Amino acid sequence: MKLDDTLISKAIVEEFMKDFLKFMEVDVAIVGAGPAGMITGYYLAKKKRKVVIFERKLSVGGGMWGGGMMFNKIVVQKTAKPILEEIGVSLKEYKKGYYIADSIETVSTLSSRTVKSGVKIFNLILVEDVMIRKEKITGLVLNWNAVSLANLHIDPLAIRAKFVVDSTGHSAEVARIIVRKLGKKLFTETGDLLGEKPMWAEIGERLIVENSKEVYPGLYVAGMAANAVFGAPRMGPIFGGMLLSGKRVAELLLERLK
Ligand code: 48H
């Protein structure tokens, strides 16, 4: 069989477009394919919800690849152990209640399980705005990240979602867009982003699960974004909270989608 160069290109364009069209209307659109976003997607897709994740970078995994200060190991506490076991990551007990995993194995296994569960991840796409109708978020406004990096004046495209999850990490970008465009409308004490507090693993990891909830009608926050919005400490290189937060948001959304 001779290989046809143009057929190879047609295959890519046609199949990409099919996927893109299919995921332009979803149950849940997740912004950011870090650990929190991927776990949220995994638990939603496991229950057959239609889920898409948009990630602006070439690679998924967010801040997980580098472990702590580029030592590529991640630590999770006992409560998060069942999640990593479920997705098939090897864990070693370091000291009682502290488990350690290889960060490369964790990101690659998590992303593989997320995609195989039915979540569609589009990389290289930046979420630059939201759609609001009757004071509820109803969709996302997308552009290629390369367009933004090159500072090109090119208009975006839009997709519709019943619910949106902001799992963009420290920057809490979707919640920030709401405040910038609509004023202090978040479900926080002041309506504004309260901002992340200094590092304290014990408190940060506890509060992140409580903070993983709806922050504006139709918009949920998961992972580091939850503590940035609700004003809780960062936790440093422990990742259990990101996984527990993602799972919590998936559970809340499954209730809403019933
Ligand atoms: C598309 C976007 C956009 C956008 C951002 O940073 P992440 O890994 O976030 P989490 O919450 O899953 O995990 C946080 C963890 O990595 C961490 O930073 C910890 C534990 N820090 C503790 C500490 O003390 O420092 O992933 C977020 C992802 C990234 O891949 C971004 O590229 C992506 O979101 N993203 N994608 N459109 N507007 N903004």
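1. In this predicted model, a polar side-chain atom of Glu55 is placed 2.6 Å from an oxygen atom of the ligand.

2. Of the 800 Å² of accessible area that the ligand has on its own, the protein covers 93%. The ligand takes up the space of the largest pocket.

3. The ligand is surrounded by 26 residues, and the closest of them are Glu55, Gly63, Glu173, Arg234 and Gly236. Sorted by class, the shell around the ligand is made of 11 nonpolar, 10 polar and five charged residues.

4. Which elements each supply at least two residues of the shell around the ligand? They are helix H2 (35-46), strand E2 (51-55) and strand E7 (125-133), and E7 gives the most, with three residues.

5. Turning to the protein as a whole, there are nine helices and 11 strands, and the C-alpha atoms fill a box of roughly 60 × 50 × 40 Å when this is taken along the principal axes. Because a compact globule with 258 residues would have a radius of gyration near 18 Å, the 18 Å found for the protein agrees with that expectation.

Definitions and conventions:
Residues are numbered from 1 along each chain as its sequence is written. This is a predicted model: local features need pLDDT of at least 70, side-chain atom pairs count only at pLDDT 80 or more; totals for chains, interfaces and linings use all residues. Side-chain values use heavy atoms; hydrogens and water are left out. A residue is near a molecule or strand if one of its heavy atoms lies within 4 Å of it. A polar contact is a pair of N or O atoms within 3.5 Å; within protein, one must be able to donate a hydrogen and the other to accept it, and residues adjacent in sequence count only if both atoms are side-chain atoms. Accessible areas come from the Shrake-Rupley method with a 1.4 Å probe; for residues, only the protein chains shown count as cover. On a 1 Å grid over the protein atoms alone, a cavity is a set of points where a 1.4 Å probe fits but cannot get out, and a pocket is an open set with protein on both sides within 12 Å along at least five of seven lines; lining residues have an atom within 4 Å of a point. A molecule sits in a cavity or pocket if more than half of its atoms lie within 2 Å of its grid points. Helices (H or I, at least four residues) and strands (E, at least two) are DSSP runs, numbered from the N terminus. Ala, Val, Leu, Ile, Met, Phe, Trp, Tyr, Cys and Pro count as nonpolar, Asp, Glu, Lys and Arg as charged, and the others, Gly among them, as polar. The radius of gyration is taken over C-alpha atoms; the globule rule is 2.2 Å times the number of residues to the power 0.38.
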